[in-house]
Amino acid sequence: MTRQQDRISILRGMKAALGLLHDLGLDREGKRSQRVDVFDSIDRTGAALMFKPMEKLLGAFMKQNGMAGIILNTERPLGMQRFTAAHELGHLILQHDPHADDEGILRRGPIADGRAFKLVPPEEREADAFASYFLLPPHLIAAQMEVQGWRPEHFSSPENVYQASLRFGTSFSGAVYGLEREQVIGAGLRQQLLKARPQSLKLALLDGQPLPNPRRSDVWHLTEKDEGAVVEAGRDDLFLLRLREDIGAGYVWTFDELRDAGFVILKDGREPVPEGQIGAPSVRRILAQAERPLAGTLRLKECRPWDPEDDPHTLTLHCRTATSDESGLFERQRLERLAAR
């Protein structure tokens, strides 16, 4: 494949991804800052979606008797599954032949380095580009940068890139490649960031608390900037809430709503107030884990205990648990088939 053919393949995958986002209404104003629900998108195309353990493959796209299906490996983290799902969806939308994919698809960026494009078949490059743009369209990067107050220089920190990856709904490396694709970071910083170990970034947030599942657990660092966010988490994820608390004026955050929503609080404390700033707002630090699947809106309040309705500050999060580690049909498709019997 020549460099020109590679460019054509990337443009074809990009155009197909942005077209499907538009057709599904995922590029509209209310959706622009939310991660793309790729499993739901596969379902909306009419393809069957199956989860099962596989020894070497990440996923596969199949066609038989006019029906299309996608299989994903249950033994991989959610971010990896989502990229694989988007890659296989690309094969479907671009009308490719059936295909099985291993971890080689994770080691390729949406922009080929040097002459590496020669080693990638055109259909794979198209599916790579589709997955990159479908999961991480330019508007999602721009919207999250605005919401979080991130500027390009913030992404020199692997910690910020990791948190961005959770909000994008990608793996850490997927976020790095997407930021490079949109020229938020350069190739040199991309190479440096890819040396970071996401597990170390997670543990640094936990202050000694172990990860429930080192392979699958993520750690969400949530602040007031996440007001109104959709938090689509894995069943083994942890949540670090760091919230400014004006305790000098009598305001404290209440967490009864957190417990009522199905969370257990693992740690609760306040960070030390910097020297010379006595009376300044402190930072409340809560580490929590969901004891049951999440599906609903969580509203936390910072208020005066003796007057809880006196102009409280709030944090609203729309939480749901993504379960992709159980074998079988995608839950909605399974329920529809059971209802049809």
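Two residues are said to be in contact here when they have heavy atoms within 4.5 Å. On that basis, residues 24 or more positions apart account for 65% of the contacts in the protein chain with a separation of 6 or more. The structure is a predicted model, in which local features need pLDDT of at least 70 and side-chain atom pairs count only at pLDDT 80 or more, while totals for chains, interfaces and linings use all residues. Residues are numbered from 1 along each chain as its sequence is written, and side-chain values use heavy atoms, with hydrogens and water left out.

The protein chain holds eleven helices and 13 strands, where helices (H or I, at least four residues) and strands (E, at least two) are DSSP runs numbered from the N terminus. With a radius of gyration of 21 Å, close to the 20 Å that the globule rule gives for 341 residues, the protein chain is as compact as a globular protein of that length; the radius is taken over C-alpha atoms, and the rule is 2.2 Å times the number of residues to the power 0.38. Of the 341 residues, 48% count as buried, a term that means under 20% relative accessible area, whereas exposed means over 50% and partly exposed lies in between (1.4 Å probe, protein chains only).

Just after α3, Q95 takes a positive phi of about 60°. Q95 has its place in the loop between α3 and β4 (99-101), and counts as exposed at 67% relative accessibility. Most residues other than glycine have a negative phi. Q183, in the loop between α7 and α8 (187-193), also has a positive phi, near 60°, in a residue other than glycine, and Q183 is exposed, with a relative accessible area of 72%.

Helix α5 (residues 138-148) has buried residues that include H139, L140, I141 and A143. What covers the buried residues of α5 includes α4 (122-135), α6 (158-168) and α7 (172-181). After α5 comes G149, whose phi is positive, near 75°.
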